[in-house]
2 protein chains.
Amino acid sequence: MQHQEKIQQLHETLLTGENNIHQLLQKLNIADQARILSELGPAERCHHFRQLERQAEVLEYLPLAMQIQLAYQFPLEQLASLMDAMHSDDFIDLYKQMPCEVQQQLLGKLSTQSLQTLRELHAYPEETAGALMSSDFVTLAPELSMTEAIETLRDIAGNHDTLYLIYIVDEKQHLLGVISLRQIIQARPDATINEVMTTDVVYATVDEDQEQVARTLAYYDFIALPVVDATQKLVGIITYDDAMDIAEAESTEDILKSGAVTPLNELSLKTAPILRLYQKRVFWLVILVFGSLLSGIGIAHFEDIISTHIVLVFFLPLLVGSGGNAGSQSATLMVRALATGDVQFKDWFSLLGRESLVALCLGGTMAIAVSILGYIRGDWMVAVVLALSMLGIVLMGCLIGMSLPFILNKLKMDPASASAPLVTSICDATGVIIYLFIASQLLF
Amino acid sequence: MQHQEKIQQLHETLLTGENNIHQLLQKLNIADQARILSELGPAERCHHFRQLERQAEVLEYLPLAMQIQLAYQFPLEQLASLMDAMHSDDFIDLYKQMPCEVQQQLLGKLSTQSLQTLRELHAYPEETAGALMSSDFVTLAPELSMTEAIETLRDIAGNHDTLYLIYIVDEKQHLLGVISLRQIIQARPDATINEVMTTDVVYATVDEDQEQVARTLAYYDFIALPVVDATQKLVGIITYDDAMDIAEAESTEDILKSGAVTPLNELSLKTAPILRLYQKRVFWLVILVFGSLLSGIGIAHFEDIISTHIVLVFFLPLLVGSGGNAGSQSATLMVRALATGDVQFKDWFSLLGRESLVALCLGGTMAIAVSILGYIRGDWMVAVVLALSMLGIVLMGCLIGMSLPFILNKLKMDPASASAPLVTSICDATGVIIYLFIASQLLF
């Protein structure tokens, strides 16, 4: 990709320490300016950043940790005007990260516009539409003609998040409709907005969960979604690029949970403090010990049968492992299908039936395979014990794996916490008991 | 959400079987029309679909399987004109799904425009930018003024994927620049495109991987990305909504792989044939048997020490399980960090060092805990065996979990195949050997 090679070249020149390089930097796309800055050391980053023209925009593209680092390098006055120039959602995100005394001092320096944004957006809880939305949207009155609308849009200064969807509101800011710039351009020049706009507007409410909002945006393929408050007043918009970021963050969260890791929340694996990484993992490791202890207790309970038929121990990992693996598969399928909206909680019963059939097929296959091994290493009675156990263990594993996400949801927990390690350790304990119980019934 | 309630209501009315309901349906957003149709039975879906006005657009929003089902209900003539009206990327997707003889017959009925689209887009391999792109983009000549540009855009008929980014090409279709509708509206009316357009265009090439394309789009927050062929001619665009779909599909693929399930490829968990679900899972279950067999062989090798110290079996699941769990965590973190671009393969060595530190902390914590249990149930010698084993097993588990994605990549396999079950079964076998080896050295 030619463009990327150019960036790479510039980046290398920059690393050699040439000083007037910021003129070259300046010519790049904002996102590329940010990318190159983010790969420099803190001192150099600050040095080059100071010389950029479109500082506020570049700042928005940097990871939050770097934004704060840079912010501290500016005198309060300059920082305030830098923040005034940011988009409202990024401005709020940065503001929230600052220590209380800096926030206090900033209040005296920020523009009235920024102070109003703060008042409007600061209060919404994390991960809701309210916390995510930007107040940089464009509204028009319904009685304008297309020609007037174009004239008005021409003169709108400042960096609005999008000019492509324009919301139509009454004098009290109630959302009446939406019109796209495409509609404005392509309608008869003397038609009024009232005649052309779409009145069946899809919107989100301020308290809606951000994951839901991202899913709505993706479903309708909109460039932006308006957000209204409890009185149906338009208070913000969420744009498609926010939706993409949320979708990626939510997927990452789900994937880490599936591996029994507490989500890192924007930490990079490369730079996160060792102790934080430790904290993110030790909780689940310790919790899972209890699952393993159950397996141990199961084994202890059947110590006699083990010591008389030591061949049973050879097959223990195989049987117990297969149950855990089948269970992990079920849980993974289920958690993802819930996350993408492919299945709902009300589908549980019908899914349970389907899953049982799949489990019987899987268990049957595995049972035949393991009974052959059992006959080779033991006798036909061992083969029967193994086949029965395998069938029971795989069936049980699948049902546990499928049900756990639903049970967690009922307990008001995230179904994604039904991680492979958690399912495995529950299935292990169940598997040990099924296997050794069957063995003790048939071999004694 | 008021809008969704309305949809829900309409949906329920529809299910009661009222017949003139398609007039109500007609008034909805295209995406909602598709959603409601998709929840009906095949016969009703076809019945209502036939009466819609914007059939082609609704069709695009339906899952591919339903599109084909509906397509078969139309006579060839009608099907051809329906397909002519679709966006080029959706048209190609549908066409590719049809049996060879239907494709042949369609060739005689489709418009010349569609035939050209077929020629241009049909040849690109799956999962590349070429296969994904649409040819419904808008181009303008560089010498037009803003006023002329607006006039031209006003008259552009048909359903282009976006009117918001317009690509500027020379007479040979070479990409010269890009201009946004916003720039066109806000520039001086007599300025020429040449003066205003951005010439530093970020683009993709036809053979680029779709995941990379989606990542580029998300990084720059563009509404669309142009795609050029080997001669730098503009041949298509990929829009943000395609990027969202890809990102979701890729996440699903990674998540299913992390649970040792072969990706379902658009199959729904609710409706996929049982046998297909079986196929998607049995491969990995059988592969993983070999890992468990290794554990079994390890155990068999140390049968003597087990039968003299049967207390060791009690702790076996705990030790071995902890190694597998820690390993799964490492693999999960690594696979996701690779997928989001947080780490690259060149970072492996430095990450290995960090991971060892985290593993030592985790292993240390677990070692202390398990040695207390060991002292209670056995004696201080057992406690020492357990502590040493736990430390070794967790360390080894983390290093295996972290390295496996890199090794798979070196073997030209998808790092996401380093699933929790795979890591667990490798760590299990290693854990059995570490534990019983240490025990045999210290307890005999």
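**Entry 1: strand E5 of chain A**

I began with strand E5 (residues 224-228) of chain A and found that five of its five residues are buried, so the strand is largely enclosed by the rest of the structure. By buried I mean under 20% relative accessible area, with exposed over 50% and partly exposed in between (1.4 Å probe, protein chains only). Strands here are DSSP runs of E of at least two residues, and helices are runs of H or I of at least four, numbered from the N terminus. I note that this is a predicted model, in which local features need pLDDT of at least 70 and side-chain atom pairs count only at pLDDT 80 or more, while totals for chains, interfaces and linings use all residues. Residues are numbered from 1 along each chain as its sequence is written, chains are lettered from A and ligands numbered from 1 in the order in which they are written, and side-chain values use heavy atoms, leaving out hydrogens and water.

**Entry 2: neighbours of E5(A)**

I looked up the pairing next, where two strands pair if DSSP finds at least two bridges between them. Strand E4 (residues 204-205) of chain A runs parallel to E5(A) and is joined to it by two bridges, with A:Thr205 opposite A:Val228. Strand E6 (residues 234-239) of chain A pairs with E5(A) in the antiparallel sense over five bridges, and A:Leu225 has A:Ile238 as its bridge partner. E5(A) and E6(A) form a hairpin with five residues between them, and in the turn A:Gln232 has a positive phi of about 65 degrees.

**Entry 3: domains 2 and 3 of chain A**

I took the bounds from an automatic or database domain assignment, which gives chain A domain 1 (3-125), domain 2 (139-258) and domain 3 (274-443). The C-alpha centres of domains 2 and 3 of chain A lie 48 Å apart. Five residues of domain 2 are in contact with ten residues of domain 3, contact being heavy atoms within 4.5 Å. Between them these domains bury about 560 Å², 38% of it on carbon and sulfur atoms; this is the accessible area (1.4 Å probe) that two parts lose on being put together, summed over both. A:Asp254, A:Lys257 and A:Ser258 supply 70% of the area that domain 2 buries against domain 3, more than any other three residues.

I also found one salt bridge counted between the two domains, where the term requires a side-chain nitrogen of Lys or Arg within 4 Å of a carboxyl oxygen of Asp or Glu. The side chains of A:Lys257 and A:Asp414 meet in a salt bridge at 2.5 Å, N to O.
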